[in-house]
Amino acid sequence: MVGQPTRDRRAERREATRLEIVEAAWEVARERGLAAMTLKEVAERIGMRAPSLYGHFASKLAIIDAMFGQAWEQYLAVGRGAYADLPEAPREVLLAVARTYFDFAVADPVRHQLMDTAVVPGFRPSPEAYAPSLAVMAQLVGLLEGLGLGDPDDRDIFTALVGAMVSQQLANDPGGERWRRLLPRVVDMYADNTGLPGPPLTPLREGS
């Protein structure tokens, strides 16, 4: 039809191959660890030879860069969905935010490692791959500012608390609920310190 844009099938095939490589890299990383992942293993997963990967990615770190960007894109989409219908009570909002990140992180420990720890020596994300993480942070800043928590220290403490709970869960009770069930108490302590109004998420302990 006149005026209809022409599909670039070559570009589509190239992008599909890149995505296939990235998915294979995730499979290998989940089995062997991110740092131990090799191009040879990734190539074998999709029936390629390792040198052929260089037609799509310049190096192992370039594949990891694509994985990093993909992971943060995934969380950005999850956050947009979860935050579209938040409760009204400020502490309930914080709890929803904390649980959204917590559940995403513990669902895939290797993905969490890449997103939030320096697990791969020499890796620094490119501006393109880093952009979704900045969008996630802007999303969080907007939510906290809407609750009257505009101080950058408030944001840093909140993310540190939730991140620490994720680390404890993964290290000490993988697949369980031990630290997830403590999130309401963590949010209450944070809210009390920052002067966020109630009602509290957990009852006060006797003697408090």
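Guide: Here is a quick tour, from the whole chain down to single residues. Keep in mind that this is a predicted model.

Visitor: What share of the residues is buried?
Guide: Of the 208 residues, 35% count as buried.

Visitor: Let's do helix packing. What should I look at in a pair?
Guide: Two things. Packed helices are described by the angle between their axes and by the distance between those axes.

Visitor: Fine. At what angle do α8 and α9 cross?
Guide: Roughly 165°, and their axes come within 11 Å. Helix α8 is residues 152-172, and α9 is residues 183-194.

Visitor: So what do we call that, parallel or antiparallel?
Guide: Roughly antiparallel. Angles over 145 degrees count that way, so the pair qualifies. The crossing of α8 past α9 is right-handed.

Visitor: Which residues meet there?
Guide: From α8: D154, R155, I157, F158, L161 and M165. From α9: L183, V186, Y190 and T194. By class, that contact has seven nonpolar, one polar and two charged residues.

Visitor: How does α5 sit against α8?
Guide: Helix α5 covers residues 90-107. Its axis and that of α8 come within 10 Å and cross at roughly 40°. The two helices are therefore oblique to each other. This crossing is right-handed.

Visitor: Who touches whom in that pair?
Guide: L94, V97, A98, Y101, F102, A105 and V106 of α5 meet F158, V162, M165, V166, Q169 and L170 of α8. The count is twelve nonpolar, one polar and no charged residues.

Visitor: One more pair. At what angle do α4 and α6 pack?
Guide: About 105°, with their axes 9 Å apart. That makes α4 roughly perpendicular to α6. In α4, the residues are I64, M67, F68, A71, W72, Q74 and Y75. They meet R111, L114, M115 and D116 in α6. By class, there are eight nonpolar, one polar and two charged residues.

Visitor: New topic. What does UniProt say about residues 15-75?
Guide: An unreviewed UniProt entry annotates them as "domain: HTH tetR-type". In the model, that span is 74% helix and 0% strand. Its end C-alpha atoms are 21 Å apart.

Visitor: And residues 38-57?
Guide: The unreviewed UniProt entry labels them "DNA-binding region". That span is 55% helix and 0% strand, with its end C-alpha atoms 13 Å apart.

Visitor: Now single residues. Where is H56?
Guide: In the loop between α3 and α4.

Visitor: Is H56 buried or exposed?
Guide: Buried, at 18% relative accessibility. The cut-off is under 20%, so H56 makes it. Leaving aside neighbours within four places in sequence, H56 contacts R14, T17, R18, I21 and M48.

Visitor: What about V28?
Guide: V28 is in helix α1, residues 9-32. It is buried, with a relative accessible area of 1%. Beyond four places in sequence, V28 touches G33, M37, E41, V42 and R45. V28 and L39 are eleven residues apart in sequence and 9.7 Å apart in space, C-alpha to C-alpha.

Visitor: And M137?
Guide: M137 is in α7, residues 127-146. It counts as partly exposed, at 33% relative accessibility. M137 and V97 are 40 residues apart along the chain, and their C-alpha atoms are separated by 12 Å.

Visitor: Last one. Which residues does a cis peptide bond join?
Guide: G198 and P199, with omega about 10°. P199 is in the segment after α9.

Visitor: Why point that bond out?
Guide: Because most peptide bonds are trans.

Key
Residues are numbered from 1 along each chain as its sequence is written. This is a predicted model: local features need pLDDT of at least 70, side-chain atom pairs count only at pLDDT 80 or more; totals for chains, interfaces and linings use all residues. Side-chain values use heavy atoms; hydrogens and water are left out. Axes are lines fitted to C-alpha atoms, for helices over the stretch in contact, and angles run from 0 to 180 degrees between N-to-C directions. Helices (H or I, at least four residues) and strands (E, at least two) are DSSP runs, numbered from the N terminus. Angles under 35 degrees count as roughly parallel, over 145 as roughly antiparallel, 65 to 115 as roughly perpendicular and the rest as oblique. A crossing is left-handed if the near helix is turned anticlockwise from the far one by less than a right angle, and right-handed if clockwise. Contact means heavy atoms within 4.5 Å. Ala, Val, Leu, Ile, Met, Phe, Trp, Tyr, Cys and Pro count as nonpolar, Asp, Glu, Lys and Arg as charged, and the others, Gly among them, as polar. UniProt positions are given in the numbering used here, feature names are shortened, and annotations may be inferred rather than shown by experiment. Buried means under 20% relative accessible area, exposed over 50%, partly exposed in between (1.4 Å probe, protein chains only).
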